[in-house]
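Here is a short report on side-chain contacts. Keep the sequence and the model in view as you read.

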Amino acid sequence: PGEPGAANHTVAVILDVLKRYDVDGIHMDDYFYPYPITQGDDPKTELDFPDQASWQRYLEAGGTMARDDWRRSNVDALVQRLNDGIHRAKPWVRFGISPFGLGRPDLRPPGIVGFSQYHKLYADVERWLQAGWMDYLVPQLYWPLEQKEQAFMPLLEYWHAQNTRGRHVWAGLFTSRVLA
């Protein structure tokens with residue numbers, strides 16, 4: 001997302017699909033920056049996403065944000081551009097996102113722990129929802145009801161509480177894991 005050409009291409013492709021086909025919605029999964037990869041065994045070392053060239057161009061142009069904030073800003077801009085472009089082209093088409101189900105660590109309900117999409121995928125989902133940059137949100141709540149560290153109901157309630165604009169919020173379920 002930090003490469004303007006890549007962001008422009010992403011928006012252009014999605015808007016091209018929207019204009020060519022009679023679709024009811026555009027849906028994005030949770031991949032904004034890729035999930036971290038590691039190397040080594042003991043201890044595993046997390047590799048930084050290789051965006052040094054675009055980061056350096058940003059700094060040379062006078063950019064002042066910290067790198068993590070810059071990455072989030074890139075994703076924010078992409079989400080906002082998609083929302084605006086989709087609704088400009090076809091106002092009735094719904095745009096939604098299905099992010100990883102755990103919100104920002106500093107905003108989570110007590111006792112909820114785990115992976116931070118805010119820090120690792122640079123996805124500020126709470127901001128997008130509160131800014132109205134999507135018509136619906138489907139947080140991936142793939143954990144068993146009994147799992148306390150990623151408790152389903154407190155997480156679903158958390159996402160509803162973030163929804164200050166009254167968008168649709170539906171729990172994303174991992175239906176291929178349903179056991180008979």
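Arg-127 counts as partly exposed, at 40% relative accessibility. (Buried means under 20% relative accessible area, exposed over 50%, and partly exposed in between, with a 1.4 Å probe and protein chains only.) The two side chains meet in a salt bridge, 2.5 Å from N to O. Such a bridge needs a side-chain nitrogen of Lys or Arg within 4 Å of a carboxyl oxygen of Asp or Glu. Asp-76 lies in helix α3 (residues 67–89) and Arg-127 in helix α5 (residues 125–131), so the pair ties together parts that are 51 residues apart in sequence. Helices (H or I, at least four residues) and strands (E, at least two) are DSSP runs, numbered from the N terminus.

This is a predicted model: local features need pLDDT of at least 70, side-chain atom pairs count only at pLDDT 80 or more, and totals for chains, interfaces and linings use all residues. Residues are numbered from 1 along each chain as its sequence is written, and side-chain values use heavy atoms, leaving out hydrogens and water.

## Other salt bridges

The structure holds 11 salt bridges. Arg-94 and Asp-135 form one of them, at 3.2 Å from N to O. Arg-94 lies in strand β4 and Asp-135 in the loop between α5 and β5, so this pair links parts 41 residues apart in sequence. Arg-94 is partly exposed, at 33%. Asp-135 is buried, at 9%.

Asp-48, Asp-51, Arg-67 and Arg-71 are linked in a network of salt bridges.

## Charges over a ring

Arg-104 forms a salt bridge with Asp-106, with the closest N and O atoms 2.8 Å apart. Arg-104 also lies over the face of Tyr-118, at 4.2 Å from the ring centre. The charged end of Arg-72 sits over the ring of Tyr-118 too, 3.9 Å from its centre. (A charge sits over a ring if NZ of Lys or CZ of Arg is within 6 Å of the ring centre and within 35 degrees of the ring normal.)

## Aromatic pairs

There are 13 aromatic pairs in the structure. Rings of Phe, Tyr and Trp (its six-membered ring) pair if their centres lie within 6.5 Å; planes under 30 degrees apart count as stacked, over 60 as edge-to-face and the rest as tilted. The rings of Tyr-35 and Phe-100 have centres 6.4 Å apart and planes at 75 degrees, so the pair is edge-to-face. Tyr-35, Phe-100, Phe-115 and Trp-143 form one aromatic cluster.
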